[in-house]
Amino acid sequence: MGNHFLTLSLLLVTVCVCVSFITTKLNPKEAIVSVSSDSEIPTEIHGVKILRQASNTKLAQLGVASWPKWEGAPSKFPWEFKKTETMFFMEGKVKVNVDGFDKEEETFEIGKGDVVVFPKDMKVVWEITEAVKKHYSLEE
């Protein structure tokens, strides 16, 4: 009986992990808000969700290592997100100015260690202040 209980327990854990993995692959935007600990509570600034200093557990849950990479040198440019984009910053810093929040004090910074979700159709001005290396995922 003990071996059957252990086998069933392991099977249940495996199924839960697989379901979690499949769910986050299908919709990483939603996965950022499924909190694995009290220290991983995302904040929201002007509609942008930010999880500061994401844990390795959260990054694995999101499948970040399989996402495409993008790099950018210091620069400043306008950008419109045509799809919801979830990104993880491996390096760098970016000052973000969301359209409609044009005062200097409404600008915010994202960077190394952060997982960030920008919603579809959002317009921003990005100012890369330190060269960026990031992984990203676009919602279909």
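Contacts between residues 24 or more positions apart make up 78% of those in the chain with a separation of 6 or more. The model behind this value is predicted.

The chain has 140 residues, and 32% of them count as buried. Its accessible surface comes to about 8600 Å², with 60% of that area belonging to carbon and sulfur atoms.

Three helices and eight strands make up the secondary structure of the chain. Along the sequence, these elements follow the pattern α-α-β-β-α-β-β-β-β-β-β.

Strand β8 spans residues 123-138 and pairs with strand β3 in the antiparallel sense. Strand β4 also runs antiparallel to β8, and so does strand β5. The table lists these pairings.

| Strand | Residues | Partner | Sense | Bridges |
|---|---|---|---|---|
| β3 | residues 69-72 | β8 | antiparallel | four bridges |
| β4 | residues 75-80 | β8 | antiparallel | six bridges |
| β5 | residues 85-98 | β8 | antiparallel | twelve bridges |

Strand β3 covers residues 69-72, and lysine 69 stands opposite histidine 135 in β8. Strand β4 covers residues 75-80, and tryptophan 79 stands opposite valine 124 in β8. Strand β5 covers residues 85-98, and valine 96 has tryptophan 126 in β8 as its bridge partner.

Note on methods
Residues numbered from 1 in each chain as written. Predicted model: local features only at pLDDT ≥ 70, side-chain atom pairs only at ≥ 80, totals over all residues. Heavy atoms only, no water. Helix = DSSP H or I, 4+ residues; strand = E, 2+ residues; numbered from the N terminus. Buried < 20%, exposed > 50% of the residue type's maximum accessible area, 1.4 Å probe, protein only. Contact = heavy atoms within 4.5 Å. Areas by Shrake-Rupley, 256 points an atom, 1.4 Å probe, with all protein chains shown as cover. Pairing = 2+ DSSP bridges.
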